[in-house]
Each structure stands twice: as structure tokens, then as C-alpha cells.
Amino acid sequence: MEKQSGRVNLSVFQKAKKGNYYCGDSYFYRETEDAFLCALADGLGSGEMARESSQAVMDVIEENPVLSIEALVKKCNEVLVGKRGVVLGILRIDFKNRTYSYSSIGNIGVITVDPDGKRNRNIPLAGYLAGYPRSLRVSHGDIKEGMIFLMFSDGVSDRRLSSKLTQAKTVGQITEVYKGLYGQNRDDDTTLIAIEYN
Ligand SMILES: [Mn+2]
């Protein structure tokens, strides 16, 4: 999946765990005049039930794209009552203020790569969302042209996201190279989203 218009380029590599039809990971993105929003959820376990939870959370985000990250997480939590839990990452880029913010609950990885190649790996909060309130940490920063964000489920080991991989020229190349090197190696549902701000 690739998007190459607007201010943000995006490329996604997604595959279900070996032998599964349903991928338990779901993602959503949307770009408007004001902002870019991207979210990734990994339903606990795998298969159809995992998919149901991660998709329910993406539906909430799709229906409420202007809410703050904190408010989105709260709403996502509400929809999970009686369902399997999820881990969740949300990234928002605000074009007017030229800032970004993201939050990760549980094992959704976020790596930022500055235009000069400096990488920063977010340490996600432990745990998961499962219908009860929980604390949250939101990271903020100023966006720079050429900045890259990688958001990925735990089917992607961050050891595989080497600086060589992130030096690729386009987001499409990042996911292509990943797929070529590790695409067959899937002990878990795998989603890698590469995002570049222009
Ligand atoms: Mn997983």
C-alpha cells in the first residue's frame, strides 16, 4: 500500500502470521489540510478475534480524527469492553504548528529518523488497552522536512530496522527492502508503516 500525494508519503508492508488468513493488526491513516493522522493496533493473540479488536479501535479513530491523542485512547478503551485487548500506536502531524506527537501503548514501536539520519527509538509503555482506564505518555516534537517515522507491530523486530534500511531514499523502498529481507519470516502478524514528511 502506498500514498504519494499531499505532504506526507506513506508506505505499508502488512502480512498475516504464517498460516493465518486474518491479520490481527489494523491500521488507519488520513491526511487533511491541517493534519496527518496514522494509527496502528495489534489485537492480542492472532486471527479473527484479534482482527475484530484492532479494527474496532481503528473505526473509533476514523470516526473521531480531530480528537486529541488522549481523547482517542479513552474512546478506544471504551469500545474494547468485552473484547480482546489491543496494543496501540497513534501519530499526528500538525501542519500549521509544524509539530508532531505520538503515543504508544504496549508493543507498537515508533522510530523517528531526522533528515540528518539521527534516529530516536520510542520506548513504549508496557501493557495494553482492554477497556479500563490507564495512563498515557505522549511525545512531542517539531517536524522537519524529510523526517521519517516508522511505526510497526511486534511482528517486526527493531533489530531488523537497521540504519541501512532507513537510509533508503523513499518510504516505498524502506518497505520493499524490508519485505525482500524478512517478508517470509513471520512468526506473528507483521505491519511496518513508513511515513515521510515533505
Ligand atoms: Mn503482534
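The legends below describe close-up views of a predicted model.

View 1. Three aspartate residues, D42, D154 and D188, supply the protein donors of the manganese ion through their OD atoms. These donors lie 2.1 to 2.4 Å from the ion. Along the sequence, the donor residues follow the spacing D-x111-D-x33-D. D154 and D188 link distant parts of the chain, being 34 residues apart. D154 belongs to the loop between β10 (148-152) and α3 (163-166), while D188 belongs to the loop between α4 (171-182) and β11 (190-197). D154 has a relative accessible area of 36% and is therefore partly exposed.

View 2. L44, Y128 and Y132 together make a nonpolar surface patch of about 270 Å². L44 is located in the loop between β4 (35-43) and α1 (48-63). Its relative accessibility is 30%, so L44 counts as partly exposed.

**View 3. The open sheet of five strands.** The strands of this open sheet are arranged in the order β3-β4-β5-β6-β9, and their pairing is antiparallel. β3 (25-31) and β9 (139-142) stand at the edges. Each of these two strands has a single partner strand, so one side of each is left without a neighbour in the sheet. On average, and with direction ignored, neighbouring strands of this sheet are turned by 10 degrees against each other.

**View 4. The pairing of β3 with β4.** β3 and β4 run antiparallel and are joined by seven bridges.

Note on methods: Residues are numbered from 1 along each chain as its sequence is written. This is a predicted model: local features need pLDDT of at least 70, side-chain atom pairs count only at pLDDT 80 or more; totals for chains, interfaces and linings use all residues. Side-chain values use heavy atoms; hydrogens and water are left out. Donors are N, O and S atoms within 2.8 Å of the metal (3.2 Å for Na, K and Ca); water is not among the atoms, so sites may look incomplete. Helices (H or I, at least four residues) and strands (E, at least two) are DSSP runs, numbered from the N terminus. Buried means under 20% relative accessible area, exposed over 50%, partly exposed in between (1.4 Å probe, protein chains only). Patches are made of residues with over 30% relative accessible area and no salt bridge: like charges are joined within 9 Å, nonpolar side chains (Val, Leu, Ile, Met, Phe, Trp, Tyr) within 5 Å. Accessible areas come from the Shrake-Rupley method with a 1.4 Å probe; for residues, only the protein chains shown count as cover. A salt bridge is a side-chain nitrogen of Lys or Arg within 4 Å of a carboxyl oxygen of Asp or Glu. Two strands pair if DSSP finds at least two bridges between them. Axes are lines fitted to C-alpha atoms, for helices over the stretch in contact, and angles run from 0 to 180 degrees between N-to-C directions.
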